[in-house]
Amino acid sequence: MQLTAEDYAAIWLTLKLASVTTVLLMLLCTPLAWWLAHTRSRWAGPIGAVVALPLVLPPTVIGFYLLVTMGPHGPIGQLTQSLGIGNLPFTFAGLVVGSLIYSMPFTVQPLQRAFEALGTRPMEAAASLGASPLDRFLTVALPLAKPGFITAAVLTFAHTVGEFGVVLMLGGNIPGVTRVVSVQIYDHVEAMEYGHAHLLAAGMVVFSFIVLLALNWLQPKK
């Protein structure tokens with residue numbers, strides 16, 4: 001039993017989606033995590049709760065509301081159409097948007113905890129030496145928070161690889177466009193092709209184990 005051409009296409013699409021999502025979330029969520037770690041604004045609680053919603057909401061709920069919002073009659077869908085972008089559902093770009101929202105807490109929370117663990121002393125010491133806020137962030141905060149960045153990147157990538165409900169609701173099942181590994185496994189099971197399903201599923205199990213093992217190795221030893 002070997003993987004089919006559609007299996008390899010699904011694997012490639014999954015890796016592409018996870019890579020794009022991870023890079024974008026690391027860029028977008030770093031300032032948000034920094035703000036949540038240091039602000040005293042009354043909005044910190046509600047915004048943190050919104051970020052964490054994907055942890056408790058069923059993926060199909062998130063996928064459904066994204067589908068409605070980005071559809072032709074939704075506010076985002078009407079905006080993208082007016083800009084000449086077209087509709088995002090059932091496209092790779094739509095999958096990226098859904099993955100950004102669904103995987104956001106796996107990026108924000110490790111970064112926020114890493115920034116909180118820094119305390120104020122390193123930044124105050126850099127400020128006393130004349131470093132600007134940007135310099136303090138780039139030369140002090142980022143290097144010291146490196147373990148948090150590694151954890152966030154690995155968790156975000158792995159979580160995106162394992163998506164099913166959101167990608168199925170928002171992207172459907174279009175070969176080479178939106179059919180990721182989790183959907184491909186579902187298709188094999190629906191067709192009673194258990195051998196092919198087993199190959200992909202076993203690969204996901206091995207991948208997940210390696211991710212957890214890597215996270216354990218990458219954690220700083222006390």
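Figure 1. At a relative accessibility of 38%, Leu-53 counts as partly exposed (buried is under 20% relative accessible area, exposed over 50%, and partly exposed in between, with a 1.4 Å probe and protein chains only). The structure is a predicted model, in which local features need pLDDT of at least 70 and side-chain atom pairs count only at pLDDT 80 or more, while totals for chains, interfaces and linings use all residues. Residues are numbered from 1 along each chain as its sequence is written, and side-chain values use heavy atoms, with hydrogens and water left out. Leu-53 is found in the loop between α2 (44-52) and α3 (59-70); helices are DSSP runs (H or I, at least four residues) numbered from the N terminus. Together with Val-50, Leu-55, Val-56 and Leu-57, Leu-53 makes a nonpolar surface patch of about 430 Å² (residues with over 30% relative accessible area and no salt bridge, nonpolar side chains being joined within 5 Å).

**Figure 2. The aromatic pair of Trp-34 and Phe-137.** Seven aromatic pairs are found in the whole structure (ring centres within 6.5 Å, using the six-membered ring of Trp; planes under 30 degrees apart are stacked, over 60 edge-to-face, and the rest tilted). The rings of Trp-34 and Phe-137 are edge-to-face, because their centres lie 5.1 Å apart and their planes stand at 80 degrees. Trp-34 belongs to helix α1 (residues 5-38) and Phe-137 to helix α7 (residues 133-144), so the pair ties together parts 103 residues apart in sequence. Phe-137 is buried at 17% relative accessible area, whereas Trp-34 is partly exposed at 22%.

**Figure 3. The aromatic pair of Phe-164 and Tyr-186.** This pair is tilted, with 5.6 Å from centre to centre and 50 degrees between the planes. Phe-164 lies in the loop between α8 (146-161) and α9 (165-171), and Tyr-186 in helix α10 (residues 181-190), so the contact ties together parts 22 residues apart in sequence. Phe-164 is partly exposed at 29% relative accessibility, and Tyr-186 is partly exposed at 38%.

**Figure 4. A salt-bridge network of Glu-6, Arg-179 and Asp-187.** The structure holds two salt bridges (a side-chain nitrogen of Lys or Arg within 4 Å of a carboxyl oxygen of Asp or Glu). Glu-6 meets Arg-179 at 3.2 Å, N to O. Glu-6 lies in helix α1 and Arg-179 in the loop between α9 and α10, so this bridge ties together parts 173 residues apart in sequence. Arg-179 also meets Asp-187, at 3.3 Å, N to O. Arg-179 and Asp-187 are buried, whereas Glu-6 is partly exposed at 44% relative accessibility.

Key
Helices (H or I, at least four residues) and strands (E, at least two) are DSSP runs, numbered from the N terminus. Patches are made of residues with over 30% relative accessible area and no salt bridge: like charges are joined within 9 Å, nonpolar side chains (Val, Leu, Ile, Met, Phe, Trp, Tyr) within 5 Å. Accessible areas come from the Shrake-Rupley method with a 1.4 Å probe; for residues, only the protein chains shown count as cover.
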